[in-house]
Amino acid sequence: MLNRVSQFATKTFLFWMLIAAIIGFVFPKSLAHLGTLVPYLLGIVMLGMGMTINPKDFKVVFKSPKPVIIGVILQFTIMPTLAFLIAKIFHLPPEIAIGVILVGCCPGGTSSNVMSYLANANVALSVAITSVSTLLAPIVTPALIYLFANEWLKVSFLSMFWSVVQVVLIPIAIGFIFQSITKKVAEKTVAILPNVSVIAISLILASVVGGSKEQILKTGLLIFLVVIVHSVLGYTIGFILARVFKLERRDQKAVSIEVGMQNSGLAVSLATVHFSPLAAVPGAVFSFVHNISGPILAKYWSKR
């Protein structure tokens with residue numbers, strides 16, 4: 001029963017995102033207060049990721065390190081550089097520029113693994129890249145944000161580092177330890193995790209929309225345009241460079257999806273804690289956009 005509910009929640013994820021955005025617009029004052037809970041909500045999602053990490057997933061790294069290393073490097077170079085260039089080309093206001101750069105500097109999101117499966121890509125490679133980039137995030141993400149965003153606003157590397165450790169690394173570690181100690185309980189709990197993730201991400205989106213309603217109405221079209229350009233270029237350049245490095249076809253697709261789909265929830269969390277609600281909007285929009293673009297790309301590749 002729980003598995004069916006989880007499958008339904010996953011398949012209708014976009015619908016719940018739309019509902020969350022609408023509720024955020026209709027009841028902005030009520031949901032804006034949820035902004036303080038964003039790091040905790042993301043922590044719950046990361047806890048779930050920790051409970052699903054299997055040590056066997058890292059065998060791919062040692063058996064075939066080349067595609068994993070290429071995927072992680074492309075993840076942390078293409079998207080931050082694109083974000084910086086887009087912010088410059090579109091002359092984005094500082095807070096929106098920060099938000100776009102935050103998205104670009106984050107590791108891959110767990111939904112990329114699902115998209116790789118749907119696209120008949122190398123799922124094991126996708127999981128390995130997501131896991132490695134997420135574990136590197138506490139160091140790499142703050143460093144990249146400091147490098148690319150310092151022009152617009154002052155960024156503290158240490159405070160960013162501690163935030164990523166709190167909302168990503170610690171929950172993942174707790175989840176991993178929990179599943180290692182109590183395997184049977186963890187196996188039963190895993191069935192609930194998709195539902196919890198959908199609820200948590202929907203609440204994050206609703207709180208961001210509620211807290212930034214006026215700014216979204218003023219700059220919404222610009223943010224949507226920028227996010228779509230960022231995402232599409234990420235998929236495209238990731239795929240082209242994977243071909244340049246002569247990876248196998250299934251690996252090319254996995255790398256492309258990994259590069260194009262970021263952990264936008266982390267971007268929203270960092271923006272909420274360190275910057276402003278407006279800086280969190282690109283992350284929320286990115287989450288919405290990649291849950292449309294990801295399935296479209298996966299369906300296209302699965303047919304080919």
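This is a predicted model: local features need pLDDT of at least 70, side-chain atom pairs count only at pLDDT 80 or more; totals for chains, interfaces and linings use all residues.
## A greasy stretch on the outside

Let's start at the surface. Eight residues, Phe15, Trp16, Leu18, Ile19, Ile22, Ile23, Val26 and Phe27, make up a nonpolar patch there.

Phe27 is a handy one to look up. You'll find phenylalanine 27 in the loop that sits between helix H2 (13-26) and helix H3 (28-32). Its relative accessible area is 47%, so phenylalanine 27 counts as partly exposed, a label used for values between 20% and 50%.

## Heading inside

The largest nonpolar core has 79 residues, and the ones touching the most other members are Leu102, Ile145 and Val255. The top contributor to this core is helix H6 (residues 65-89), which supplies 11 residues. Another core, of 9 residues, lies apart from it, and its members include Ala119, Tyr235, Met261 and Trp301.

Setting aside residues up to four places away in sequence, valine 255 touches Pro67, Gly71, Leu74 and Leu125, along with Ile129, Gly238, Ala242 and Leu247.

## A serine tucked away

Is serine 269 buried or exposed? With a relative accessibility of 2%, serine 269 is buried, because that label applies to anything under 20%.

Serine 269 belongs to helix H15 (residues 264-274). If you skip the neighbours within four places in sequence, the contacts of serine 269 are Val38, Pro39, Leu42 and Val167.

Methods. Residues are numbered from 1 along each chain as its sequence is written. Side-chain values use heavy atoms; hydrogens and water are left out. Patches are made of residues with over 30% relative accessible area and no salt bridge: like charges are joined within 9 Å, nonpolar side chains (Val, Leu, Ile, Met, Phe, Trp, Tyr) within 5 Å. Accessible areas come from the Shrake-Rupley method with a 1.4 Å probe; for residues, only the protein chains shown count as cover. A salt bridge is a side-chain nitrogen of Lys or Arg within 4 Å of a carboxyl oxygen of Asp or Glu. Helices (H or I, at least four residues) and strands (E, at least two) are DSSP runs, numbered from the N terminus. Buried means under 20% relative accessible area, exposed over 50%, partly exposed in between (1.4 Å probe, protein chains only). A nonpolar core is a set of buried Ala, Val, Leu, Ile, Met, Phe, Trp, Tyr and Cys residues joined through side-chain atoms within 4.5 Å. Contact means heavy atoms within 4.5 Å.
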